[in-house]
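Please look over the model below before reading my points.

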Amino acid sequence: MLDFEKRPGAALIAGGTGGIGRAISRILAERGSDIFFTYRGNQEGAASLASELSALGAKAEFARVDLADIDAASELVAEVRSAFGSIHTVVYAAGPHVPMTHLSKVTPEQFRNQLDNDAAAFFNLVHPALPLLRESRGNIVAVTTAATRRFPVRDGLSSSPKGAVESVVRALAAEEGRFGLRANCVGPGMLTDGMAARLIGSGDLDERALDITRRNIPLRRFGDADDIAEAVAFLASDRADFISGQTLDVDGGYGV
């Protein structure tokens, strides 16, 4: 399926070196898209991903960007336009590591920082990209969380900013649809990759917690980054050309 072979420009993927971002970059490249991705600190991972995407036949470029920096985000969009001429898709798969903790133990400063580095960072990215997305009649896909529908205890520091991202996506879908621009979200449930893997590695989720989580999922198993990438690729493709303002949870039925 070469869904993106005839699309003008490239897909801009924020957070390309993360477990989910890497899978998204790979599947879009496999389906005909050139890729420009960002990273925060994993330069070795960025170089490795660029080589992998080039081997798939995609033109791939990357940059280290702090999306909480308004000027840096704007300069990023200008750089992508210079390199590829246009942007057909913006995928937001970024966001800092978030420890699981009760909101009563989260300081206002921590909460503000999370909003700056996630919800505000998302807006910093998509705002300067809107003129290019209007030209290409492109789309936005934000990777958020299934926790905005069914709340798991100790997840408020993560799910609250993602809820803000989802609200912005719905607003963009309503306001930008007249230009042919679509905006949607994919809400991951519990995965073996990405944030969940880091939480397991850090000890925030022990084996007892994992067993409880599995029992709360009708499919009784965790997903992986490829499950999320498939959903993103679908929403970004013309096969979803009448879908906008929606959130597709990929959670094994957790939210039912």
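**Notes on the model**

1. The largest nonpolar core has 34 residues, and L67, V90 and I140 touch the most other members. Such a core is a set of buried Ala, Val, Leu, Ile, Met, Phe, Trp, Tyr and Cys residues joined through side-chain atoms within 4.5 Å. Helix 4 (108-136) is among the elements that supply at least two residues each, as are strand 1 (10-14) and helix 5 (156-176). The most comes from helix 4: nine residues. Nonpolar side chains tend to be buried together in soluble globular proteins.

2. The model is predicted: local features need pLDDT of at least 70, side-chain atom pairs count only at pLDDT 80 or more, and totals for chains, interfaces and linings use all residues. Residues are numbered from 1 along each chain as its sequence is written, and side-chain values use heavy atoms, without hydrogens and water.

3. Which residues form a patch of negative charge on the surface? They are D69, D71, E75 and E79. Patch residues have over 30% relative accessible area and no salt bridge, with like charges joined within 9 Å. D69 sits in the loop between strand 3 (60-64) and helix 3 (70-84).

4. R137 has a positive phi, near 50°, and is not glycine. Its loop joins helix 4 and strand 5. R137 counts as exposed because its relative accessibility is 59%. The cut-offs are under 20% for buried, over 50% for exposed, and partly exposed in between (1.4 Å probe, protein chains only).

5. R154 also has a positive phi, about 80°. R154 lies between strand 5 and helix 5, in a loop.

Key: Patch = residues over 30% accessible without salt bridge, like charges linked within 9 Å, V, L, I, M, F, W, Y side chains within 5 Å. Areas by Shrake-Rupley, 256 points an atom, 1.4 Å probe, with all protein chains shown as cover. Salt bridge = Lys/Arg side-chain N within 4 Å of Asp/Glu carboxyl O. Lys, Arg positive; Asp, Glu negative; His and termini not counted. Charge placed at Lys NZ, Arg CZ, Asp CG, Glu CD. Helix = DSSP H or I, 4+ residues; strand = E, 2+ residues; numbered from the N terminus.
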